[in-house]
Amino acid sequence: MTLYKDVFANASIAFDLDGTLVDTAPDLVRALNAVILPRGLQPVLVSDVREMVGRGAKAMIRRAHDRQDVALTETEVDALFPAFIESYQSNVAADSIPFPNVRETLDRLAEAGARLSVCTNKPSVLADLLLRELELDGYFERVIGPERTRAKKPAADHVHDALGAGHHRAAMVGDSAPDVDAAKAAGVPSIILSYGYSEKPAGSLGADRLIHEFSDVPETLAEIWRTVSD
């Protein structure tokens, strides 16, 4: 990464959490099923929940019901939300693991001088807990969940608050439409990981780059920023 220090020094990179840094689907589906099974719904599969995650826990609860043709009011969603949080928080990292090469790549970026943050629609307290449990928290200057910003993804404010001020270059790295849309609104380039949690094909989201391995993030960002500066 020494070659890229001129590119990454004082650059700010915001990362989505679920589906980008960490495979959280097994623990999310456990908590989701704990909420919906007592209501007479069929269990949601891990493969299904990966398409529900990007817009936050309440949206996931709503979509789980929609898939089984059960309508929910906003009041009902709000009433189910605390039970989901309690179930999830009680064992937040039981089966969640960082995706391959996440730690090594974050090390490379930090060594090159990049400032790293998390920009997630996951409740902030859960994001903090998950990162701490997985010993990833030390990489990030800021963890910005929806309660720590004026408007969550796909709003530009969320990305701006995660990136902070004073950087020379910036980017958003994620896996779903809210990440791409928020980056566009914020006026920064975006990279999408094809392995993540997206309700639409990753290649159709309109990101500046689509990659398949987290280890490709540094070289891809360097290419994007050098293209912009040329």
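Helices here are DSSP runs of H or I with at least four residues, and strands are runs of E with at least two, both numbered from the N terminus. The model is a predicted one, in which local features need pLDDT of at least 70 and side-chain atom pairs count only at pLDDT 80 or more, while totals for chains, interfaces and linings use all residues. Residues are numbered from 1 along each chain as its sequence is written, and side-chain values use heavy atoms, with hydrogens and water left out.

Six strands form an open sheet in the order β5-β4-β1-β6-β7-β8, with parallel pairing, where two strands pair if DSSP finds at least two bridges between them. The edge strands, β5 (142-144) and β8 (209-211), each pair on one side only. Within the sheet, strand β1 (residues 11-15) is joined to strand β6 (residues 169-174) by 5 bridges, and Ile13 has Ala171 as its bridge partner in β6.

Ile13 and Phe15 are among the residues with the most contacts inside the largest nonpolar core, which has 60 residues; such a core is a set of buried Ala, Val, Leu, Ile, Met, Phe, Trp, Tyr and Cys residues joined through side-chain atoms within 4.5 Å. The largest share of this core, 7 residues, comes from helix α2 (residues 25-36).

Ser124 lies in helix α7 (residues 124-133). Ser124 counts as buried because its relative accessibility is 3%, buried meaning under 20% relative accessible area, exposed over 50% and partly exposed in between (1.4 Å probe, protein chains only).
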